[in-house]
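This report looks at a ligand site and the pocket around it. Please keep the sequence and the model in view while reading.

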Amino acid sequence: MTDCIFCKIANGEFNTPFVLETEDLVAFNDINPKADTHILVVPKKHYASLNELDNEELLGKLLNGVRQVTQKLGIKSYKTVINTGKDAGQEVFHLHIHILSGNIKGV
Ligand code: AMP
Ligand code: ZN
């Protein structure tokens with residue numbers, strides 16, 4: 001989607017360093033970290049939220065991306081969060097999974 005910040009990041013438009021990149025997803029540091037480690041796992045394809053995701057296989061790949069990121073960083077204890085909808089605190093309307101570890105302040 002043209003005006004979507006996470007689409008632009010996933011397309012490499014800001015040269016954001018990726019913790020992980022696969023065919024389907026990227027993972028990068030949250031700009032406003034709410035824990036010692038705060039990483040976002042983001043599908044390359046635009047879905048506004050979990051409500052719009054119509055692809056079970058991609059859902060599995062995203063969770064597997066979480067595992068790959070945590071394994072890569074040697075993190076064994078972490079929290080995953082998906083905010084869906086404005087009332088639940090979603091601010092960026094491109095589906096993403098938060099990974100939080102260490103001194104978690106909450107998202
Ligand atoms: P949510 O409230 O679940 O939509 O989370 C959006 C998250 O994206 C917040 O934790 C923001 O700090 C983060 N964020 C917003 N813009 C950027 C950006 N340009 N790069 C990295 N993280 C971002
Ligand atoms: Zn997008």
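## Lining of the pocket

By class, how many nonpolar, polar and charged residues does the lining of the largest pocket have? The model is predicted. In it, the lining has eight nonpolar residues, eight polar residues and three charged residues.

The volume of the largest pocket is about 400 Å³. Its lining is made of 19 residues. Closest to the pocket centre are F6, D30, L40, E91 and V92. The most comes from α1, with three residues.

What takes up the space of the largest pocket? That space is taken by ligand 1.

Around ligand 1 stand 17 residues. The closest are D30, G89, E91, H96 and H98. D30 and E91 are also listed among the residues closest to the pocket centre.

## Make-up of the shell

The shell around ligand 1 divides by class into seven nonpolar, seven polar and three charged residues. At least two shell residues come from each of α1, which spans 5-10, and β2, which spans 25-29. The largest share belongs to α1, with three residues.

## Polar contacts and burial

How much of ligand 1 does the protein bury? Taken alone, ligand 1 exposes 510 Å². The protein buries 86% of that area.

Definitions and conventions
Residues numbered from 1 in each chain as written. Chains lettered and ligands numbered in written order. Predicted model: local features only at pLDDT ≥ 70, side-chain atom pairs only at ≥ 80, totals over all residues. Heavy atoms only, no water. Near = heavy atom within 4 Å. Areas by Shrake-Rupley, 256 points an atom, 1.4 Å probe, with all protein chains shown as cover. 1 Å grid on protein atoms, 1.4 Å probe; cavity = no way out; pocket = protein on both sides within 12 Å on 5 of 7 lines; lining within 4 Å. Sits in = over half its atoms within 2 Å of the grid points. Helix = DSSP H or I, 4+ residues; strand = E, 2+ residues; numbered from the N terminus. Nonpolar A, V, L, I, M, F, W, Y, C, P; charged D, E, K, R; others polar. Points joined across faces, edges and corners; volume = space filled by probe spheres on them.
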